[in-house]
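Have the model open beside you as you read.

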Amino acid sequence: MTLNLSWIDDFMVLAASGNFSRAAEERHMTQPAFSRRIRALEEWLGTDLFDRSSQPARLTDAGLWFRKTAQELQAQVARVPGEARAIAEASSQTLRFAATHALSFSFMPRWLRALEAHTSVGPVNLVSDTQQKCEALLLQSQVQFVLAHGHRQVPGPLDEAAFACVVVGQDQLLPVCAPDAAGGPAHPLEGGKRAKDAAVPLLAYSSESGLGRILREVKGAALDRLHVQPVFTAHLASVLRTMALDGRGVAWLPKILIGDDLAAGRLVVAGGKDWHLDLDIRLHRDRGAMGAAAETFWAAVAGGAGAASKPTNPALV
């Protein structure tokens with residue numbers, strides 16, 4: 001008989017309560033099936049682990065010994081994926097990035113091209129997603145770097161967890177909308193054709209959006225006073241851009257995404273400078289060892305190649 005590693009998890013759950021019914025429910029199986037798995041583990045070891053004559057079931061002397069061994073096995077198994085990745089990354093030339101959708105196609109290509117003048121940039125594996133999901137990937141060490149917008153007043157999960165970062169660019173979050181017939185904003189934040197008590201149609205970010213998080217934290221109270229009415233919600237700036245171009249309302253969009261639209265007059269700024277937010281473009285790195293290629297890349301960026309500032313943790317500044 002071969003050991004099934006999931007039996008160890010079964011054992012630890014039962015050892016915690018001594019109740020077969022409760023343990024089976026926690027392991028999402030019937031009690032008879034759970035009992036068979038515990039018995040199979042005991043047969044593999046060649047001894048009973050539980051005294052079933054008492055309620056709740058108690059660990060035998062062998063069970064007490066195996067509980068400590070099982071804890072060590074669980075910890076060792078949990079380390080295996082990370083250690084395997086570390087060994088693979090030591091010789092890997094591939095850089096693993098996660099970047100928000102807006103920066104993936106508006107900033108990252110030009111930034112990497114500029115970096116190539118200062119350092120070797122090998123193969124790149126890019127995951128493009130919402131900022132929330134990009135942050136989760138780095139927190140789980142699924143990627144080596146995250147490229148995303150940031151703001152000094154709004155520390156995110158990576159800042160709070162003390163992940164080092166470098167500011168590699170600057171951007172602005174601007175309130176924009178389609179123009180009216182005269183070329184002015186069709187949905188002005190203040191003044192213009194809008195009636196005094198009329199709500200401003202807002203193209204809003206969902207909770208998954210990092211830009212939305214910044215906008216809510218910095219301008220939330222002002223937006224409440226302004227009296228905005230969300231008419232459309234999405235987590236991608238590119239989707240809100242499309243709706244703004246269609247005249248549906250006002251969206252706060254990164255200038256790096258809409259520069260061409262502003263220059264061509266397809267979008268116009270809907271409010272004064274008090275409504276503009278200055279943003280950083282930040283590169284966060286994994287806290288552990290990343291392998292030679294990734295460490296060389298980070299050293300080049302942190303040393304000034306493609307960086308706007310030295311490495312820092314904004315939450316501590």
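At 1% relative accessibility, Phe297 counts as buried (buried means under 20% relative accessible area, exposed over 50%, partly exposed in between, with a 1.4 Å probe and protein chains only). A quick word on the ground rules: this is a predicted model, where local features need pLDDT of at least 70, side-chain atom pairs count only at pLDDT 80 or more, and totals for chains, interfaces and linings use all residues. Residues are numbered from 1 along each chain as its sequence is written, and side-chain values use heavy atoms, with hydrogens and water left out.

**Aromatic pairs**

Back to Phe297: its ring and that of Phe97 have planes at 90° and centres 5.6 Å apart, so the pair is edge-to-face. For the cut-offs, rings of Phe, Tyr and Trp (its six-membered ring) pair if their centres lie within 6.5 Å; planes under 30 degrees apart count as stacked, over 60 as edge-to-face and the rest as tilted. This pair links distant parts of the chain, with Phe97 in strand β3 (residues 95-100) and Phe297 in helix α12 (residues 292-302), 200 residues apart. Helices (H or I, at least four residues) and strands (E, at least two) are DSSP runs, numbered from the N terminus.

In total, the structure holds 13 aromatic pairs. Phe11 and Phe50 make a tilted one, because their ring centres are 5.5 Å apart and their planes sit at 55°. Here helix α1 (residues 5-17) supplies Phe11 and strand β1 (residues 50-51) supplies Phe50, 39 residues apart. Both belong to one aromatic cluster, together with Phe20, Phe34, Trp65 and Phe66.

Here's how buried some of these rings are:

| Residue | Relative accessible area | Class |
|---|---|---|
| Phe11 | 0% | buried |
| Phe50 | 3% | buried |
| Phe97 | 0% | buried |

**Nonpolar cores**

The largest nonpolar core has 35 residues, and Leu173, Leu189, Trp252 and Leu253 have the most contacts inside it. Such a core is a set of buried Ala, Val, Leu, Ile, Met, Phe, Trp, Tyr and Cys residues joined through side-chain atoms within 4.5 Å. Among the elements giving two or more residues to this core are β6 (165-177), β7, α9 and β8. The most comes from α9, with six residues. Phe97 turns up in a second, separate core of 23 residues, which also includes Ala99, Leu103 and Trp298.

**Strands β7 and β8**

Strand β7 (residues 200-205) pairs with strand β8 (residues 228-234) in the parallel sense, over six bridges; strands pair if DSSP finds at least two bridges between them. Val200 has Val228 as its bridge partner in β8.
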